[in-house]
Amino acid sequence: MTANLVRLGVGSAMTRTIGVLEIAGALGLVTGLLWRPIAVAAAAGLTLLLIGAIGYHARACDFAHRRHRSHAAAPVLLAILSRTATTMLLLTP
C-alpha cells in the first residue's frame, strides 16, 4: 500500500495523517453506537476522506489504467457506502 501512496504523490506525513483519520473514523463509528452525533460526524468525515482519495486517483489517471483500476475503485465504493451510512443516520430517528 505504501508503494501505491508514493505513486500517487502522497508523502509520509500525509500517509500518517490519513491513517490517523481512518482510525478516528472507525472509532467514531463504533462510539456512535452509544452516541449518534459521533457516528454522523465520523461517517461524514470518512466520506470526505474518501472523496480526497478519489481525487488523488483521478489525478493519477488510475481509472483509465487497467493495472490500477481496482485501487481507484475501492475509494469510490467506500465513499458510496459511507455517504449512505451518513444519510441513513441523519434520516432515521
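Predicted model: local features only at pLDDT ≥ 70, side-chain atom pairs only at ≥ 80, totals over all residues.
Residues are numbered from 1 along each chain as its sequence is written, and side-chain values use heavy atoms, with hydrogens and water left out.

**Exercise 1.** Work out what span helix H3 should have, and check it against its ends.

Start with the helix itself: a DSSP run of H or I, at least four residues, numbered from the N terminus. H3 has 24 residues, 36-59. The expected span is 1.5 Å times one less than the number of residues, so H3 should span 34 Å. Its end C-alpha atoms are 35 Å apart, which agrees.

**Exercise 2.** Decide whether alanine 39 is buried or exposed, then find what it touches.

First, alanine 39 sits in H3. Next, buried means under 20% relative accessible area, exposed over 50%, partly exposed in between (1.4 Å probe, protein chains only). Alanine 39 has 5% relative accessibility, so it counts as buried. Finally, take contact as heavy atoms within 4.5 Å: leaving out residues up to four places away in sequence, alanine 39 touches Gly28, Leu29, Gly32 and Leu89.

**Exercise 3.** Find how the axes of H3 and H4 run relative to each other.

Axes are lines fitted to C-alpha atoms, for helices over the stretch in contact, with angles from 0 to 180 degrees between N-to-C directions. These two come within 8 Å and cross at roughly 155°. Angles under 35 degrees count as roughly parallel, over 145 as roughly antiparallel, 65 to 115 as roughly perpendicular and the rest as oblique. So H3 is roughly antiparallel to H4.
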